[in-house]
Amino acid sequence: MDTNSNQSTGADANAMPWLEDVRKLIDRFQLPGVDVAALVDWQRKDVEALTEANRQAYEGIKALVERRNEILRETLAEWQTTIKDVTGSETMTKQTEAAKQGVEKAVANFRELAQMEAQARNNAWNVFQERMQENLGNLQKLLQPK
């Protein structure tokens with residue numbers, strides 16, 4: 001059995017204590033030819049990838065919400081300014097121009113928010129996809145005859 005399994009998981013035991021339990025469970029069965037350290041490391045990397053994907057998604061959503069709130073504040077301030085500035089015979093012309101600019105800005109803002117959301121989703125997916133590719137590579141190595 002691999003004697004390095006305790007050493008390779010020692011630092012991980014604090015971050016993910018359940019990995020040590022998995023290692024002990026596998027050690028108890030004493031399966032010949034099973035690299036316990038590699039299995040535990042594999043699981044650790046999976047959890048790290050999921051954690052990173054979750055962090056990427058969270059950061060993306062957080063940025064999206066912050067930008068959306070900023071857009072709302074800007075829009076309300078612009079509306080208030082427009083309402084104050086409208087006087088007399090120019091009222092209809094200014095309102096029409098303000099409405100046109102408002103629609104154009106709203107479309108641009110929606111486009112920006114959609115792009116931010118797509119980027120956040122892609123970032124999280126890329127982390128997950130990279131780990132799955134790594135898992136497939138590891139699996140192919142394990143399945144090759146020795």
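Throughout this tour, contact means that heavy atoms lie within 4.5 Å. The model is a predicted one, in which local features need pLDDT of at least 70 and side-chain atom pairs count only at pLDDT 80 or more, while totals for chains, interfaces and linings use all residues. Residues are numbered from 1 along each chain as its sequence is written, and side-chain values use heavy atoms, with hydrogens and water left out.

**The whole chain**

Begin with a cartoon view of the protein, whose secondary structure comes to 4 helices and 0 strands (DSSP runs numbered from the N terminus, with H or I over at least four residues for helices and E over at least two for strands). Along the sequence, the pattern reads α-α-α-α. Of the contacts with a separation of 6 or more, 73% are accounted for by residues 24 or more positions apart. Buried residues make up 21% of the 146 residues, where buried means under 20% relative accessible area, exposed over 50%, and partly exposed in between (1.4 Å probe, protein chains only).

**Asn 135 and its partners**

Select Asn 135, which lies in helix α4 (residues 91-143) and is buried, with a relative accessible area of 10%. Leaving aside neighbours within four places in sequence, Asn 135 is in contact with Trp 42 and Asp 46. With Trp 42 the side chain of Asn 135 also makes a polar contact of 2.4 Å; that term denotes a pair of N or O atoms within 3.5 Å, and within protein one must be able to donate a hydrogen and the other to accept it, with residues adjacent in sequence counting only if both atoms are side-chain atoms.

**The salt-bridge network**

Next, select Asp 41, Arg 44, Lys 45, Asp 46, Glu 48, Arg 131 and Glu 134, which are linked in a network of salt bridges (a side-chain nitrogen of Lys or Arg within 4 Å of a carboxyl oxygen of Asp or Glu). The structure holds 13 salt bridges.

Centre the view on Arg 44, which is buried at a relative accessible area of 13%. Its bridge to Asp 41 has the closest N and O atoms 2.2 Å apart, and both residues lie in helix α3 (residues 36-85), 3 residues apart, about one turn of the helix. Arg 44 is also bridged to Glu 48, with the closest N and O atoms 2.7 Å apart; these two are separated by about one helical turn because they are 4 residues apart in helix α3. Asp 41 is partly exposed at 26%, as is Glu 48 at 37%.

Move on to Glu 134 and Lys 45, whose salt bridge has its closest N and O atoms 3.6 Å apart. Glu 134 lies in helix α4 and Lys 45 in helix α3, so this pair ties together parts that are 89 residues apart in sequence. Glu 134 is partly exposed, with a relative accessible area of 36%, and Lys 45 counts as partly exposed at 28%.

**A nonpolar patch**

Finish on Leu 136, in helix α4, which counts as partly exposed at 47% relative accessibility. Together with Leu 139 and Leu 142, Leu 136 makes a nonpolar surface patch of about 280 Å². Patches are made of residues with over 30% relative accessible area and no salt bridge, like charges being joined within 9 Å and nonpolar side chains (Val, Leu, Ile, Met, Phe, Trp, Tyr) within 5 Å.

Terms used:
Areas by Shrake-Rupley, 256 points an atom, 1.4 Å probe, with all protein chains shown as cover.
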